[in-house]
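Please find below a colleague's note on the model under review.

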Amino acid sequence: CPVVLAPKNSSVAMPPPADIVKVAIEWPGAFPKLMEIDQKKPLSSIIKEVCDGWSLANHDQFALQHADSSNFYITEKNRNEIKNGAILRLTTSPAQNAQQLHERIQSSSMDAKLEALKDLANYSRDVTFAQEFINLDGISLLTQMVESGTERYQKLQKIMKPCFGDMLSFTLTAFVELMDHGIVSWDTFSVAFIKKIASYVNKFASDTSILQRSLAILESMVLNSHDLYQKVAQEITIGQLIPHLQGTDQEIQTYTIAVINALFLKAPDDKRQEMANILAQKQLRSIILTHVIRAQRAINNEMAHQLYVLQVLTFNLLEDRMMTKMDPQDQAQRDIIFELRRIAFDAESEPNNSSGSMEKRKSMYTRDYKKLGFINHVNPAMDFTQTPPGMLALDNMLYFAKHHQDAYIRIVLENSSREDKHECPFGRSSIELTKMLCEILKVGELPSETCNDFHPMFFTHDRSFEEFFCICIQLLNKTWKEMRATSEDFNKVMQVVKEQIMRALTTKPSSLDQFKSKLQNLSYTEILKIRQSERMNQEDFQSRPILELKEKIQPEILELIKQQRLNRLVEGTCFRKLNSRRRQDKFWYCRLSPNHKVLHYGDLEESPQGEVPHDSLQDKLPVADIKAVVTGKDCPHMKEKGALKQNKEVLELAFSILYDSSGQLNFIAPDKHEYCVWTDGLNALLGKDMLSDLTRNDLDTLLSMEIKLRLLDLENIQIPDAPPPIPKEPSNYDFVYDCN
């Protein structure tokens, strides 16, 4: 078959240059223009070229913007985001547009004003426009309109109520969008403006858009300015906010809890307990339980986050007691210990019994304190000088003794009748358990920006922490008996109890009773079974032949894990873009090409269902161009200042791909598992070791399975430490024959 060579001048399809982007550009009343944009050319010369094509003068008064729903302006900073096939629009420049809107919103015609405010609310999402509008003192103009609005349009409000509502809604929307860019400080707003926004929370309860914007503004004011917190706290009461929780709109409920959380978070330490008391009086917990948690609808991520924040802030009220040492000289504190003794041993002897010498009473008290399980029998007050748990442990013990008296007396008497070494010391157990529960619930730590881990059962009781302790102290006593523990086993028992509590909590029980029943199914024998099924008994697998077998198998297993990681990268993952407001989640998708040569990525409107095909992702990055993969604090997007960026949990999920001289792709993984998959996969692509915890766990699991499979025939046979001796060579080789 002859080979036909293409003639020298025939055109061979070459890939388009990387700096050329093919787009369509629209102009009202004209046919769209197809053109190629050279990304190396200044934007102003591209705009001039477009204007010349339509014979438009004064090209400096024009700009390009995306023709999609965002309408964002194209600038030198963001021009690299233009994709092949994008539709752009030639329009007035941001400065001119801002000037025109600034004039239009002051129009005397109500229809024109309403239309202008609608446009302003839309354009304000774009930081380029926002900067120009703010430069014209636009935010002051909006605040003046809000402050004077009600009086000026009182008549209008009666005649054209819907029109007034829409006008106010667009004004507040524009204000929220402009402030979200972080260009203007929150400290500049007047009391009159705050009063007006606070009044809208009551006045426009039926208009969800005005109510939503007003609550969002109040939350931002409280979180961003100490002075504004004080002013807002004077204007808005919890009583005014609570009716909004009793509605059916989950978004309004979310914003309402966000405002309550903000007021709670920013309250000075001395006011925080006062605020908690107000929340208790207003029955906030039971209202949330009824209208939010037990409402017949799913709880979305933002609501779950706000409930988690409220849960954390409520438990943080315990920090003061947790960090307070007992004063052995304080009679009121000593009286609590006397009360614990009295409740436990009241039937045996009256504490106020005047008969008998002081010495006799002292020895009786010492004996009782020993039965109560204190470490210091003579002066139990000394047991509460360690912080944490400080006085919180004593508070829990007294609550248990008073509210669960039968269970308390049973535990104390049961243990005081056992042998010394087999007794479960109630005092010491309570102190260590309180400390453990504080660690589990992270008492004293600030809420995370991204966590949604709230527990419905903590919203079912006004004293949920104390009730939680009461259930767990009874569990500890039960586990102690099941383990037949002695005083030397104290730490082992505590480890088992922690595992029981953590496993029960992960099932998210809806009530304390359900939590209790979950614990019933997690007895010590059950925990042993779970542990046995989760990990191989290492002692039997430390002999030299087994270790050699492990070394031989390990490269195959690592290759298997590597292939799994790369296959997961080929499937791709949806990542969330971090922005100042969690409520407006934006997503992007990244996946590896099937030949492992290219990373395809692009923005998404919403979280996808299933895989996103790589040909629908506009941007790509050749794997060969990747210079390095960095994680945590080394990531460029984690070096920016701001509370959100410095958050520990976000740091643990952050990684970046560095390419070219300054190119970077920044990721925030949806969870720890995806973080491990991607960092392992990228390191595997670069020929580096996979070092994540997930790889370590997978390697252990697969190695143990493989070794167990290979040793199936050796079951119940002792594996020797040394290999058997090699036999002597035979005297002749007559049994060997040539196969050929």
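Where does Lys-508 lie?

1. Lys-508 is found in the loop between α23 and α24 (512-520). This is a predicted model, and in it Lys-508 has a positive phi of about 50° although the residue is not a glycine. Most residues other than glycine have a negative phi. Lys-508 counts as partly exposed because its relative accessibility is 34%, between the limits of 20% and 50%.

2. With a relative accessibility of 48%, Asn-58 counts as partly exposed. Lys-442, which follows α21, has a positive phi near 55°.

3. Cis peptide bonds should be noted as well. Most peptide bonds are trans. Thr-387 and Pro-388, however, are joined by a cis bond with omega of about -20°, and the bond from Pro-388 to Pro-389 is also cis, with omega near 10°. Pro-388 belongs to the loop between α18 (358-371) and α19, and Pro-389 lies in the loop between α18 and α19 too.

4. On the overall picture, the protein chain contains 30 helices and eleven strands. Of its 740 residues, 45% are buried. Among contacts with a separation of 6 or more, 67% are between residues 24 or more positions apart.

5. The second largest pocket holds about 830 Å³ of space. Its lining comprises 31 residues, and Ala-276, Thr-314, Leu-317, Asp-462 and Arg-463 lie nearest the centre. Elements that give two or more residues to this lining include α13 (269-281), α15 (301-315) and α22 (464-482); α19 gives the most, with seven residues. By class, the lining has 15 nonpolar, eight polar and eight charged residues. Because domain 2 (96-320) and domain 3 (323-347 + 358-534) both give residues to the lining, the pocket lies between them.

6. Which elements cover the buried residues of α21? They include α16, α19, α20 (405-416), α22 and α23 (490-506). Helix α21 is mostly covered, with eleven of its 15 residues buried; among them are Phe-426, Ile-431, Leu-433, Met-436, Leu-437 and Ile-440. Its geometry is consistent with expectation: at 1.5 Å a residue, the 15 residues of α21 (residues 426-440) should span 21 Å, and the end C-alpha atoms are 20 Å apart, which agrees.

7. Helix α29 (residues 672-685) has 14 residues and reaches 20 Å from its first C-alpha to its last, close to the 20 Å expected. α29 is mostly covered, eleven of its 14 residues being buried. Those buried residues include Glu-674 and Asp-680, together with Tyr-675, Val-677, Trp-678 and Leu-682.

8. A search of the whole structure finds two cavities of 30 Å³ or more. The second largest cavity holds about 40 Å³ and is lined by Val-176, Met-179, Asp-180, Trp-186, Ala-216, Ile-217 and Ser-220. The elements giving two or more residues to that lining are α7 (161-180) and α9 (208-224). By class, the lining divides into five nonpolar residues, one polar and one charged.

How values were computed: Residues numbered from 1 in each chain as written. Predicted model: local features only at pLDDT ≥ 70, side-chain atom pairs only at ≥ 80, totals over all residues. Heavy atoms only, no water. 1 Å grid on protein atoms, 1.4 Å probe; cavity = no way out; pocket = protein on both sides within 12 Å on 5 of 7 lines; lining within 4 Å. Points joined across faces, edges and corners; volume = space filled by probe spheres on them. Helix = DSSP H or I, 4+ residues; strand = E, 2+ residues; numbered from the N terminus. Nonpolar A, V, L, I, M, F, W, Y, C, P; charged D, E, K, R; others polar. Domains from an automatic or database assignment. Expected span 1.5 Å × (residues − 1). Buried < 20%, exposed > 50% of the residue type's maximum accessible area, 1.4 Å probe, protein only. Contact = heavy atoms within 4.5 Å.
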